[in-house]
Amino acid sequence: MIIGMRFVCALDLGMSKVRIIIANCRSNTSLEIIGSGYALSEGFNDGYLIDINNASESIRKAASIAELDAVAAAAADWIILGLSGDLIAAESANHHGSISI
């Protein structure tokens, strides 16, 4: 991780596009966007995730387009994930974990 920098990632997994934004947290009230990108969604069909490998590849493509290689060694402190659809149900919760993409 780059010392002294904190990163937040916003990831929107849509049925047609995957969008990503990475920002540097400059203070408690400001963010500096350091990269953004999108790629066509793959691995989804009619609102269902049918191929996690293709979905992961879509995320990789979006990150690559955002030219985030400069911060590839840095781990995001927070990831905000956007999902929508009739079949998604969840309770508000704070979860911790990691998935290699």
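**Close-up views of the predicted model**

View 1. Leu-13 is placed opposite Val-18 of strand 2. The model is a predicted one, in which local features need pLDDT of at least 70, side-chain atom pairs count only at pLDDT 80 or more, and totals for chains, interfaces and linings use all residues. Residues are numbered from 1 along each chain as its sequence is written, and side-chain values use heavy atoms, with hydrogens and water left out. Strand 1 and strand 2 run antiparallel and are joined by seven bridges; two strands are taken to pair if DSSP finds at least two bridges between them. Helices (H or I, at least four residues) and strands (E, at least two) are DSSP runs, numbered from the N terminus. Phe-7 of the chain faces Asn-24 in strand 2.

**View 2. Strand 1 also pairs with strand 6.** Strand 6 comprises residues 78-82 and runs parallel to strand 1, with five bridges between the two. Within strand 6, Gly-82 is the bridge partner of Asp-12. Strand 1 is mostly covered, as five of its seven residues are buried; buried means under 20% relative accessible area, exposed over 50%, and partly exposed in between (1.4 Å probe, protein chains only).

**View 3. The largest nonpolar core has twelve residues**. Its members are Phe-7, Cys-9, Leu-11, Leu-13, Val-18, Ile-20, Ile-22, Ala-39, Ile-59, Ala-62, Ala-63 and Ala-66. Two or more residues of this core are given by each of strand 1 (7-13), strand 2 (17-25) and helix 1 (52-65). Strand 1 supplies the largest share, four residues. A nonpolar core is a set of buried Ala, Val, Leu, Ile, Met, Phe, Trp, Tyr and Cys residues joined through side-chain atoms within 4.5 Å. In soluble globular proteins, nonpolar side chains tend to be buried together.

**View 4. Ser-41 lies in the loop between strand 3 (31-40) and strand 4 (44-45)**. Ser-41 is buried because its relative accessible area is 15%. A polar atom of the Ser-41 side chain lies 2.5 Å from the backbone oxygen of Gly-14, and the backbone oxygen of Lys-17 is 3.3 Å from a polar atom of that side chain. A polar contact is a pair of N or O atoms within 3.5 Å; within protein, one must be able to donate a hydrogen and the other to accept it, and residues adjacent in sequence count only if both atoms are side-chain atoms. When neighbours within four places in sequence are left aside, Ser-41 is in contact (heavy atoms within 4.5 Å) with Gly-14, Met-15, Ser-16, Lys-17, Val-18 and Ser-58.

**View 5. A hairpin of five residues joins strand 2 to strand 3**. These two strands run antiparallel, with nine bridges between them. Ala-23 stands across from Ile-33 of strand 3. Ser-27 is located in the loop between strand 2 and strand 3 and counts as partly exposed because its relative accessible area is 38%. The C-alpha atom of Ser-27 is 9.5 Å from that of Arg-6, although the two residues are 21 residues apart along the chain.

**View 6. The chain contains one helix and six strands**. Read from the N terminus, these elements follow the order β-β-β-β-β-α-β. The chain has 101 residues, of which 26% count as buried.
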